[in-house]
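Dear colleague,

My notes on what was found in it follow directly after.

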Amino acid sequence: MSALIQLPGLPPIPPLGIGTWQWGDKLVWGYGHGYQQSDTQAAYQAALRGGVRLFDTAEVYGFGVSEKLIGQYYQAQQPKPLVVSKMFPYPWRFSRKVLLGALKKSLRRLQMNRLDLYLLHWPWKPVPLEQWAESLAEAFEQGLARAVGVSNLDLAQLERVAKVLTRHRVPLAANQVEYHLLERKPEKTGLLKAMQAEGIVLMAYSPLAMGWLTGKYRLENPPPGRYRAQRYVMHKAQIPQLLQTLSEIAQSLGVAPAQVALRWCIQKGTLPIPGAKNARQAEGNAGALQILLSEEEMARLDSIL
Ligand SMILES: NC(=O)c1ccc[n+]([C@@H]2O[C@H](COP(=O)([O-])OP(=O)(O)OC[C@H]3O[C@@H](n4cnc5c(N)ncnc54)[C@H](OP(=O)(O)O)[C@@H]3O)[C@@H](O)[C@H]2O)c1
């Protein structure tokens with residue numbers, strides 16, 4: 001039902017990916033408690049069955065575990081999805097060559113010769129963005145990544161990276177940022193509009209607000225762990241109304257609130273990458289590809305924040 005989305009330089013795919021920060025991460029997500037490796041394998045298979053063709057990982061997720069698991073499942077199964085990974089700019093990573101080294105290590109964990117999309121995870125100092133952009137261009141030119149991009153960049157930062165990549169004639173494929181019904185900054189700042197004008201894909205991370213938009217949490221029953229529980233506390237006045245509206249729309253369509261929240265991201269022209277701990281979550285999220293929100297439903301959701 002969904003129109004395909006095109007990351008520059010890559011084949012078009014359905015407009016929903018899957019995030020795998022959870023696969024191996026104990027600190028925020030509690031890997032090993034309530035879900036384990038076999039669940040991630042089942043999630044991988046369920047996502048593919050549901051039509052998902054992009055897996056998002058990073059070298060830091062589970063300190064390499066997420067990449068290793070994807071590598072195993074990828075080798076064993078058809079069809080082959082697009083795989084995205086990211087380099088973390090640790091403060092001790094100074095040299096330009098570090099990015100290529102990190103990318104090669106990711107490729108070893110993933111058992112691949114090249115990545116589909118490689119991103120700079122954060123624009124943190126001390127290394128200037130221009131230097132990382134040069135390294136991304138090098139990764140592309142050496143054939144280690146079919147496409148390159150960034151994550152967590154504002155518009156001004158994005159323009160700095162685009163300038164360097166343009167000099168190399170390397171397309172800037174994506175900027176992965178937090179975007180969902182409780183995080184509207186990319187709309188307010190004009191980032192989303194500017195990216196769409198340039199054909200750069202906005203990959204929407206935490207599209208379920210780390211679980212808040214699934215409908216199973218409430219202010220009086222927040223997600224486990226201080227980080228997730230406190231993350232959207234600034235919107236606590238709007239959360240009840242948002243959850244109520246999501247639930248009403250979901251009920252009228254006969255789907256789950258998570259699917260409505262993800263569909264909202266899709267119809268904003270972004271590529272959401274919801275994290276899933278198991279097959280049930282992966283399958284449920286893939287259902288967002290099969291529904292359609294009316295203009296009125298979009299407007300109702302839009303108006304809350
Ligand atoms: N570039 C970056 O800096 C950055 C930052 C953050 C994330 N990311 C990427 O974006 C992905 C998604 O973001 P996220 O993981 O932070 O948050 P998210 O996708 O908003 O939420 C994922 C969590 O929601 C719950 N959930 C997911 N689907 C569900 C369903 N159908 N029904 C019920 N509960 C469900 C699960 O947690 P519980 O079962 O515990 O409730 C799951 O771990 C990550 O995996 C990662 O790949 C990137």
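Two residues are said to be in contact if their C-beta atoms, placed from the backbone, lie within 7 Å. Please bear in mind that this is a predicted model.

Leaving aside its neighbours within four places in sequence, Leu117 is in contact with Leu7, Leu10, Leu82, Val84, Ala145, Ala147, Gly149, Ala173 and Ala174. Leu117 is also, together with Ala47, Leu136 and Ala145, among the residues with the most contacts inside the largest nonpolar core, which has 93 residues. The element that gives the most to this core is helix 10 (residues 257-267), with seven residues.

The sheet is open and is formed by eight strands in the order 1-2-3-4-5-6-7-8, with parallel pairing. Strand 1 (18-19) and strand 8 (271-272) are the edge strands, each pairing on one side only. Strand 4 (residues 115-120) and strand 5 (residues 145-151) run parallel and are joined by five bridges. Helix 4 (residues 129-141) packs on the sheet, where it touches strand 4 and strand 5, and its direction makes about 160° with that of strand 5. Within the strand pair, Leu119 stands opposite Gly149 in strand 5. Helix 5 (residues 155-167) lies across strand 5 and strand 6 (172-178), and runs at about 160° to strand 6.

With kind regards

Methods:
Residues numbered from 1 in each chain as written. Predicted model: local features only at pLDDT ≥ 70, side-chain atom pairs only at ≥ 80, totals over all residues. Core = buried A, V, L, I, M, F, W, Y, C linked by C-beta atoms within 7 Å. Buried ≥ 20, exposed ≤ 12 C-beta atoms within 10 Å, placed from the backbone. Helix = DSSP H or I, 4+ residues; strand = E, 2+ residues; numbered from the N terminus. Pairing = 2+ DSSP bridges. Axes fitted to C-alpha atoms, helices over the stretch in contact; angles between N-to-C directions.
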